[in-house]
Amino acid sequence: EVDVFSPQYGIGNEELLPSRSTSLNISNIFYGIMFDAGSTGTRIHIYTFMQKSSAEPPHLDNEIFESVKPGLSAYVDQPEQGAETVRGLLDMAKQTIPSTHWSSTPVVLKATAGLRLLPEQKAQALLSEVQELFEESPFLVPDECVSIMNGTYEGILAWVTINFLTGQLYDQNQRTVGILDLGGASTQITFLPQAESTLKAASEKYISPFEMFNRSYKLYTHSYLGFGLKAARLAILGALGGKDESRMYRSSCLPPSLKAEWKFGGINYKYGGMAEEVTGFQSCYAEVLKVIREKLDQPAEIRSRTFYAFSYYYDRAVDTGMIDGDQGGIILVKDFEMKANKVCEALTETNTGSPFLCMDLTYITALLKEGFGFYDHTELQVRWRAYSGTTVWLFRSHYKTGEGIPPTPFSPLAGSTHKSVLVRGGPHQGAEGIRELPRCQATLLSVG
Ligand SMILES: Nc1nc2c(ncn2[C@@H]2O[C@H](COP(=O)(O)OP(=O)(O)O)[C@@H](O)[C@H]2O)c(=O)[nH]1
Ligand SMILES: [Ca+2]
């Protein structure tokens with residue numbers, strides 16, 4: 001709906017969607033298909049755009065969503081089968097989009113941390129199968145649009161989306177919020193530093209300058225591969241990267257009597273608990289600390305900023321009744337700790353629910369406190385079952401360089417029937433130090 005990346009930086013003659021004039025000649029409706037290939041599942045978003053007049057930007061008229069589990073990375077050695085899961089979703093797009101529009105509807109797939117963790121060749125094999133599938137389909141397949149999105153864009157795009165949803169991108173007295181995304185295989189922290197010292201202290205790798213709506217931003221964004229919730233489970237068990245399917249991995253964060261198997265990234269892991277005496281929060285916390293300590297950056301400024309936490313932060317908070325699934329809520333870091341303590345201490349008595357709940361909550365606690373350096377009393381907005389990642393979809397600027405779109409005040413949460421935000425833009429060029437947004441980099445965050 002909104003071109004957040006300032007159009008004067010939206011360069012490039014090739015457009016992913018039909019140009020304004022073409023789309024008006026044929027029809028004022030057009031479509032786009034975006035796949036978010038996450039580590040735990042693959043999701044399709046089918047967008048309908050409507051453009052009422054050539055003077056107006058197109059708006060998002062409808063979105064259809066579907067998902068499958070597991071994610072592509074589970075098919076590490078069966079790339080064709082992996083692509084089949086995508087085919088199922090793509091068939092939905094055929095049923096939804098009128099055949100007259102197929103050839104002008106671009107289809108894009110962006111993979112996140114599940115594929116980043118695979119050996120490059122195996123990830124490439126999966127992407128090639130998908131690419132082939134797309135090319136055999138009647139849809140438009142722009143170059144380089146089936147690929148892995150890097151963690152920096154994942155963080156930036158989620159930040160843009162949440163700040164769009166909270167109305168901050170339009171606000172005169174802008175008070176942007178930071179984001180914490182905890183996926184299955186990687187985690188991101190992104191915020192707009194206000195202190196010069198934050199920018200100075202941070203490695204340049206984690207500072208992303210860009211412009212949108214005639215404002216300049218220098219975001220701090222850091223993605224940690226292998227620190228998503230599910231990858232962390234493996235790290236805690238000492239099984240990350242392990243290929244030995246016969247080995248039993250044990251942890252004090254699991255029920256003592258537990259013996260089970262768990263499949264992640266195409267590998268079967270046997271896991272179980274330890275003796276009762278060494279089971280519980282304290283020993284679990286110590287175990288978890290080993291994988292977190294000194295591994296993460298701790299920009300001091302985050303302690304005084306507002307953060308929205310979603311994905312697994314949200315899921316686990318809802319699972320344990322800390323917040324209402326519809327309303328969301330504010331959670332203190334120490335609330336996660338208290339809940340972890342309670343669940344872990346009850347491990348020996350009860351053996352219901354998810355065997356990983358104690359580990360997950362303990363990991364979240366340690367990640368926030370020892371990893372990022374939040375205080376016990378830091379408040380987190382755990383508001384949404386927000387699906388961040390690659391779900392946003394970029395089409396290259398429909399607007400000629402310099403033309404611009406007025407940044408109209410817009411409150412997408414109030415009265416909006418759409419839960420997704422279209423962030424449209426092009427590569428950033430021109431201004432010095434402006435990062436280039438690669439082709440097909442699009443961000444749309446659905447909020448459920
Ligand atoms: N973006 C997105 N996230 C989802 C969706 N469904 C579930 N999730 C959440 O995404 C998290 C898992 O992250 P995932 O995207 O699979 O892994 P990543 O590749 O590390 O980002 C969990 O908290 C899920 O609740 C969805 O449809 N889209
Ligand atoms: Ca994700």
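Me: Which residues are the closest to ligand 1, and how many surround it?
Reply: In this predicted model, 20 residues surround ligand 1, and the closest are Thr40, Phe65, Thr112, Ala185 and Asp315. A residue is near a molecule if one of its heavy atoms lies within 4 Å of it. Side-chain values use heavy atoms, without hydrogens and water.

Me: Why is Gly184 called buried?
Reply: Gly184 has a relative accessible area of 5%. Buried means under 20% (1.4 Å probe, protein chains only), so Gly184 is buried. Gly184 is found in the loop between strand 6 (178–182) and strand 7 (186–191); strands are DSSP runs (E, at least two residues), numbered from the N terminus.

Me: What is the relative accessible area of Ser186, and why is Ser186 called buried?
Reply: The value for Ser186 is 3%, so the term buried applies here too. Ser186 lies in strand 7. Leaving aside neighbours within four places in sequence, Ser186 is in contact (heavy atoms within 4.5 Å) with residues including Arg116, Glu154 and Asp181.

Me: Which residues does UniProt list for "binding site"?
Reply: The unreviewed UniProt entry lists Gly184, Ala185, Ser186, Thr187 and Gln188. Such annotations may be inferred rather than shown by experiment.

Key: Residues numbered from 1 in each chain as written. Chains lettered and ligands numbered in written order. Predicted model: local features only at pLDDT ≥ 70, side-chain atom pairs only at ≥ 80, totals over all residues. Helix = DSSP H or I, 4+ residues; strand = E, 2+ residues; numbered from the N terminus. Buried < 20%, exposed > 50% of the residue type's maximum accessible area, 1.4 Å probe, protein only.
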